[in-house]
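Please take a moment with the sequence and the structure before reading on. The paragraphs that follow go from single residues to the whole chain and back again.

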Amino acid sequence: MAVQARTPSIRRAANSERQTVIDVIIDSFLDDALVCWAFPDPADRARLQGHFHRPLIEHPTSASYLVGHDEGASVWLTLAAGQSPHAEPAAGDGAVFGDSGARLQALGEVLVDRHPTDEPHRYLPCIGVRGDRRGTGLGSALLRHGLASADADGLAVYLEASSARSRALYARHGFVDLGEPVQVADSPTVWPMRRPPRR
């Protein structure tokens with residue numbers, strides 16, 4: 001008799017669990033090529049990642065989710081047409097990011113032109129699974145969960161894939177490239193992608 005795989009439990013993270021979400025995302029992307037390019041100093045990478053992701057997690061329209069035993073996390077923003085996913089830079093941000101600030105700004109200036117402005121949509125700025133739990137289906141479960149919610153609300157979804165592997169995963173879930181891939185100087189390639197809502 002075949003044994004069915006159990007669907008992992010997914011729950012919305014409480015405000016008190018924001019640091020848990022950040023910790024999971026940091027762990028998930030410590031060896032990501034784009035993160036390593038943006039934050040080249042390994043000794044400071046985790047701290048700068050946390051500083052980068054916190055405003056997204058604290059965005060007024062943000063909803064974060066945890067899967068399993070806090071082994072994976074996703075952050076979704078529900079944006080109105082023309083609404084920016086990024087808050088105004090806080091005083092002192094330039095000093096916090098140091099040399100990485102210029103890299104982040106250069107990439108951000110290119111990607112902002114790809115971000116949809118003519119429609120309400122969900123934006124998936126980050127989704128990841130802790131290193132020791134990759135390949136177990138947790139990331140796909142988180143993605144399906146968020147896409148089902150977007151479909152129920154009739155919303156398209158936008159994201160930026162930071163690797164060929166993640167791009168292929170998103171393509172299997174109905175995402176298509178939104179224009180040409182993006183590269184800034186010696187950065188890794190980034191693929192802006194969009195998925196229309198499914199009825």
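**A walk through the model**

Leaving out residues up to four places away in sequence, Gln49 touches Ile25, Ile26, Phe29, Leu30, Val35 and Phe39. Gln49 itself belongs to helix H3, and with a relative accessible area of 0% this residue is buried. The structure in view is a predicted model, and every value quoted here should be read with that in mind.

One of the residues that Gln49 touches, Phe39, leads on to another part of the chain. A search of the whole structure finds three aromatic pairs. Phe39 and Phe97 form an aromatic pair that is stacked, with 6.3 Å from centre to centre and 20° between the planes. Because Phe39 lies in the loop between helix H2 (33-38) and helix H3 (45-57), while Phe97 lies in helix H4 (residues 93-97), the pair ties together parts that are 58 residues apart in sequence. Both Phe39 and Phe97 are buried.

Seven helices and seven strands are present, and from the N terminus on they follow the order β-α-α-α-β-β-α-α-β-α-β-α-β-β. For 199 residues, a compact globule would have a radius of gyration near 16 Å, and the protein, at 16 Å, agrees with that. The C-alpha trace spans about 60 × 40 × 30 Å along its principal axes. Among contacts in the protein with a separation of 6 or more, 72% are accounted for by residues 24 or more positions apart.

How much of the chain counts as buried? Of the 199 residues, 42% do. The accessible surface comes to about 10500 Å², and 52% of that surface belongs to carbon and sulfur atoms. As for charge, the protein has 21 positive and 24 negative side chains, and the centres of these two sets lie 8 Å apart.

Setting aside residues up to four places away in sequence, Thr61 touches Trp76, Leu77, Thr78, Leu79 and Gln83. The C-alpha atoms of Thr61 and Pro85 are 8.8 Å apart, although 24 residues separate them along the chain.

Asp70 lies in the loop between strand S2 (62-67) and strand S3 (72-79), and although Asp70 is not a glycine, its phi is positive, at about 55°. At 23% relative accessibility, Asp70 counts as partly exposed. Ala185, in the loop between strand S6 (176-177) and strand S7 (191-195), likewise is not a glycine and has a positive phi, of about 50°. Is Ala185 buried or exposed? With a relative accessible area of 73%, Ala185 is exposed.

Two further residues bring in the later part of the chain. Pro116 is found in the loop between helix H5 (100-111) and strand S4 (121-129), and at 10% relative accessibility Pro116 counts as buried. Apart from neighbours within four places in sequence, Pro116 is in contact with His121, Tyr158 and Leu178. Between the C-alpha atoms of Pro116 and Pro181, which are 65 residues apart along the chain, the separation is 15 Å.

Ala156 counts as buried, at 3% relative accessibility. Phe175 stands 19 residues from Ala156 in sequence, and the two are 9.8 Å apart in space, C-alpha to C-alpha.

Terms used:
Residues are numbered from 1 along each chain as its sequence is written. This is a predicted model: local features need pLDDT of at least 70, side-chain atom pairs count only at pLDDT 80 or more; totals for chains, interfaces and linings use all residues. Side-chain values use heavy atoms; hydrogens and water are left out. Helices (H or I, at least four residues) and strands (E, at least two) are DSSP runs, numbered from the N terminus. The radius of gyration is taken over C-alpha atoms; the globule rule is 2.2 Å times the number of residues to the power 0.38. Buried means under 20% relative accessible area, exposed over 50%, partly exposed in between (1.4 Å probe, protein chains only). Contact means heavy atoms within 4.5 Å. Accessible areas come from the Shrake-Rupley method with a 1.4 Å probe; for residues, only the protein chains shown count as cover. Lys and Arg count as positive and Asp and Glu as negative; His and the chain ends are not counted. The place of a charge is taken as NZ of Lys, CZ of Arg, CG of Asp or CD of Glu. Rings of Phe, Tyr and Trp (its six-membered ring) pair if their centres lie within 6.5 Å; planes under 30 degrees apart count as stacked, over 60 as edge-to-face and the rest as tilted.
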